[in-house]
Amino acid sequence: MKFLNRKTKISLKKSINQLFFELIRSSIDLSQLSTIPTANEWEQLYDVAKKQSLVGICFNSMQQLCISYSEQVGNMPKPLKMQWIGQVMNFERMYAKHERAMTDLARLYASNGIRMMVLKGYGLSLDWPIPNHRAVGDLDIYNFGKWKEADAFIAEQLGIKIDDGHEHHTVFNFHGVAVENHYDFINTKAHRDAPKIEAQLKLLAEKNCREIEGTKIYLPSADFNAIFLMRHMGQHFAGEYLNLRQILDWAFFVKAHSHEVDWNATILFLKEIGLYQFFNHINAICTDNLGFAEDIFPKIERNHYWEQRILKDILHPEFEDKKPHDGLLAILMFKTKRWWRNRWKHQMVYNDSLLMTFATLAWSHLKRFKTIKD
């Protein structure tokens, strides 16, 4: 590769990305790939899948190809196949561990009269073709305003240490799973319109949430997720980076629950908080690149330039510096550089000016100084 010129390298990357999108789409519409990947291309596809947290769904595609178009996976090296299988089996084990911890925690809370809602991860996985092939991480929960009682119960009854040094949630470990207990759904101190968004989410959290039978676990309504997931994606995109797994979370959610969403009210609110164009760009990527049917989304207002720039940044981030682990000055310099390089994203996601956001965040961190390393 080091002897190839830059134009050739970009062309090769483009072809791998196109093949990667085809691999994802084959799990959605059971289509075949446009070409048979070479052994080297399979290695590259695995690397992209790992980077985008999509090893599981790409494995689903491989299984489908093995059944319907076996010749298309014939060049896959056996060691890579075993590595891929091993990774998916690990996902399945972690998912089962996550599920057990989540159910046990919900039942403990319920015994003390506290309800537990699960945000993002597990609830979203239920909309995926094979839920336990979606990687799970932290367990994000909400106790319907009773987070202090919930944390006190865990600390006093189980002797679990509660970490309260974070914005909008506390953190503790339960049965080997990191739990983030949210008292707010978003950081209300980072942007001027955040309290307004938080108030709307708190209101929607109380409406039409559903309980998973036999578990004491509640899931948010479709109207809640339509706003919360888009804001959460925008926050990741503007602040750090966005990956394709998060976009697939959104696409599978829309596919499963679009008929439940009050899109008129949702779109009106997204326009009020400055997220409407980003919403359109993400929906366009879901249909044009990931193979989802356009009719499951509200009418998409397209802008090809921004759609492609967002997609390019997801695949090859414009800012890829790694956050330092130690050193306050190094962390401050890193965050300032990241904030400046991501200013085009900020303008797409937030109503606030860059200067106002900088001042608001700086004041927030000064009030709770230890959060500056988050």
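**Entry 1: strands β2 and β4.** I began with strand β2 and found four bridges joining it to β4 (residues 177–182), the two strands running parallel. Strands here are DSSP runs marked E of at least two residues, and helices are runs of H or I of at least four, both numbered from the N terminus. Two strands pair if DSSP finds at least two bridges between them. Ile141 has Asn181 in β4 as its bridge partner.

**Entry 2: what I am looking at.** I noted that residues are numbered from 1 along each chain as its sequence is written. This is a predicted model, in which local features need pLDDT of at least 70 and side-chain atom pairs count only at pLDDT 80 or more, while totals for chains, interfaces and linings use all residues; side-chain values use heavy atoms, with hydrogens and water left out.

**Entry 3: the whole protein.** I counted 15 helices and six strands. Of the 374 residues, 51% are buried. Buried means under 20% relative accessible area, exposed over 50%, and partly exposed in between, with a 1.4 Å probe and protein chains only.

**Entry 4: strand β1.** I looked up the neighbours of β1. Three bridges join β1 to β2 (residues 139–142), and these strands run antiparallel; Val118 stands opposite Ile141 in β2. Two bridges join β1 to β6 (residues 217–219), and that pair runs parallel. The partner of Met117 in β6 is Tyr218.

Which residues of β1 are buried on each side? Met116 and Val118 are buried on one side, and Met117 and Leu119 are buried on the other. In a regular strand the side chains alternate between the two faces of the sheet.

**Entry 5: the sheet.** I traced the six strands as an open sheet in the order β3-β4-β2-β1-β6-β5, with mixed pairing. β3 (169–174) and β5 (210–212) stand at the edges with a single partner strand each, so one side of each has no neighbour in the sheet. The twist averages 40° from one strand to the next.

**Entry 6: helix α6.** I found α6 (residues 147–158) lying across β3 and β4, at about 30° to β3. Axes are lines fitted to C-alpha atoms, for helices over the stretch in contact, and angles run from 0 to 180 degrees between N-to-C directions. Contact means heavy atoms within 4.5 Å.

Leaving aside residues up to four places away in sequence, Ala155 touches Ile160 and Ile162. Ala155 and Phe172 are 17 residues apart in sequence and 9.4 Å apart in space, C-alpha to C-alpha.
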